[in-house]
Amino acid sequence: MGYRIDTKCIHGEQGVVGNHSYGAVSLPIYQTATFAHPRIGESTGYDYSRQSNPTRTELEETMSALEGAADTVACSSGMAAIGLCMELLEQGSHVICSEDLYGGSVRMFQAIGEQRGITFSYVDTSDADQVEQSVRENTSALYIETPSNPTMKVTDFFQMKEIANRHNLVLIADNTFLTPYFQNPLALGADIVIHSGTKYLGGHNDTLAGFLCVNSPELAEKVRFLYKTVGCSLSPFDSFLTVRGIKTLAVRVEKQQENAIFLAKWLKSQKKVKEVYYVGLPDHPGYEVNKRQARGFGSMISFRTDSEQTARQVLKRVKLISYAESLGGVESLITYPMLQIHGDLAPEVRQHLGITEDFLRMSVGIENVQDLAADLEQAFA
Ligand SMILES: *Cc1c(COP(=O)(O)O)cnc(C)c1O
């Protein structure tokens, strides 16, 4: 029997840790650009670090173990992984996306994808009928995030897989928010999983990383070819940091979730909070679907305050919680989606998505939850 997921975080599928030189328990950092060949026509298995590097290989194998993937490539950032994924799309093809995708993904699709003759439709993928109605003759892929960013809408993998099968679409899921600890899109029918490893996987707000995990050797071959061609590889040192981060993924995200459940309920009881968006609240519209397909709710909370003034005041007054972009690390962060992540969206699109002046997004860390609540309380006062 294979290891359970919390063990895999530390040891990979079959104990990758066991193979280090000299019995080193910690992963050696092979800080080398190139590898000497033993003889003509022979290789140690490694030739050049853009293509592959032993430190990065351990990270990739760990991620494949966690996501149940045929193969994983580790990229220099989440956006590098998304850019690589876009290279798989053919000119003239059409992609259906969740309408509240990570802002950087939308920027990439608009600034680069459209220039290359790819068209994108942004729809509410929590509504399968909208997805079905958006399928065109040249639709080739369905690109989702669940829960979505920042309004935490939940998309049903089962329904998306049905649509993808019917129309022969590649199903791509950005699994950054729930991580493989809570959700495994490949097991739910996705062909490709994307991660920003900068977030929960790295977990310490100290490095950028990204992953593309694929479900078949055929896709792996295509992705590996593009990977060595475009050169978006993760450095040996950042690979080490990310492996080190993943070792504690299970305990971090459990604690973060416990804190988030407490804070979501606490926020609901606050006079200056009008609405709380957290997938772990039973009255969240996506609660049941998320429960069916995931093992947890994560620790991202968005909330609407009573006014723009309150939202700005909270950002100004928080002390323990940092007013900063990004998410998923041990430090709690709060951000203003209207100005940051979704700053590039047209005002009417932001309005439609509910990303307004009174709207804040919080990434809950592993601090003592009473201290977090106290920080918010003094910020609201
Ligand atoms: C941060 C993020 C990305 C981009 O990742 P980077 O590592 O910042 O390049 C993509 N998708 C989601 C959901 C993210 O949160």
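1. Let's start at the ligand. An N or O atom in the side chain of lysine 199 sits 2.7 Å from an oxygen atom of the ligand. That makes a polar contact, which here is a pair of N or O atoms within 3.5 Å; within protein, one must be able to donate a hydrogen and the other to accept it, and residues adjacent in sequence count only if both atoms are side-chain atoms. Taken alone, the ligand exposes 380 Å², and the protein buries 93% of that. Accessible areas like this come from the Shrake-Rupley method with a 1.4 Å probe; for residues, only the protein chains shown count as cover.

2. A quick word on what you're looking at: this is a predicted model, where local features need pLDDT of at least 70 and side-chain atom pairs count only at pLDDT 80 or more, while totals for chains, interfaces and linings use all residues. Residues are numbered from 1 along each chain as its sequence is written, and side-chain values use heavy atoms, with hydrogens and water left out.

3. Back to the ligand. A polar side-chain atom of serine 196 is 2.8 Å from an oxygen atom of the ligand, and a polar backbone atom of methionine 79 also lies 2.8 Å from a ligand oxygen atom. How many residues surround the ligand? There are 13, and the closest are Met79, Asp174, Ser196, Thr198 and Lys199.

4. Helix α3 (residues 78-86) supplies the largest share of the shell, three residues. Helices (H or I, at least four residues) and strands (E, at least two) are DSSP runs, numbered from the N terminus.

5. Now the largest nonpolar core, which has 113 residues; Ile301, Phe303, Ile334 and Leu376 touch the most other members. Helix α10 (residues 249-268) gives the most to this core, with eight residues. A nonpolar core is a set of buried Ala, Val, Leu, Ile, Met, Phe, Trp, Tyr and Cys residues joined through side-chain atoms within 4.5 Å.

6. Pick out leucine 376, in helix α14. Is leucine 376 buried or exposed? With 0% relative accessibility, leucine 376 counts as buried; the word means under 20% relative accessible area, with exposed over 50% and partly exposed in between (1.4 Å probe, protein chains only). Not counting residues up to four places away in sequence, leucine 376 touches Leu263, Trp266, Leu267, Val314, Val318, Ile321, Ile334 and Met362, where contact means heavy atoms within 4.5 Å.

7. Next, find glutamine 293 in helix α11 (residues 287-293). Glutamine 293 counts as buried, at 10% relative accessibility. Its side chain reaches the backbone oxygen of threonine 155 at 2.7 Å. Leaving aside neighbours within four places in sequence, glutamine 293 is in contact with Thr146, Val154, Thr155, Asp156, Phe157, Gln183 and Leu188.

8. Leucine 188 is partly exposed, with a relative accessible area of 26%. Not counting residues up to four places away in sequence, leucine 188 touches Phe157, Lys161, Gln183 and Gln293.

9. Two peptide bonds are worth checking: threonine 146 to proline 147 is cis, with omega near -5°, and asparagine 149 to proline 150 is cis, with omega near 5°. Proline 147 is in the loop between β4 (139-145) and α6 (157-167), and proline 150 is also found between β4 and α6.

10. Finally, check two positive phi values. Tyrosine 22 has phi near 60° without being a glycine; tyrosine 22 sits in the loop between α1 (5-11) and α2 (54-67) and is exposed, at 87% relative accessible area. Asparagine 205, not a glycine either, has a positive phi of about 50°. Asparagine 205 lies in the loop between β6 (192-196) and β7 (210-214) and counts as partly exposed, at 32% relative accessibility.

Notes. A residue is near a molecule or strand if one of its heavy atoms lies within 4 Å of it.
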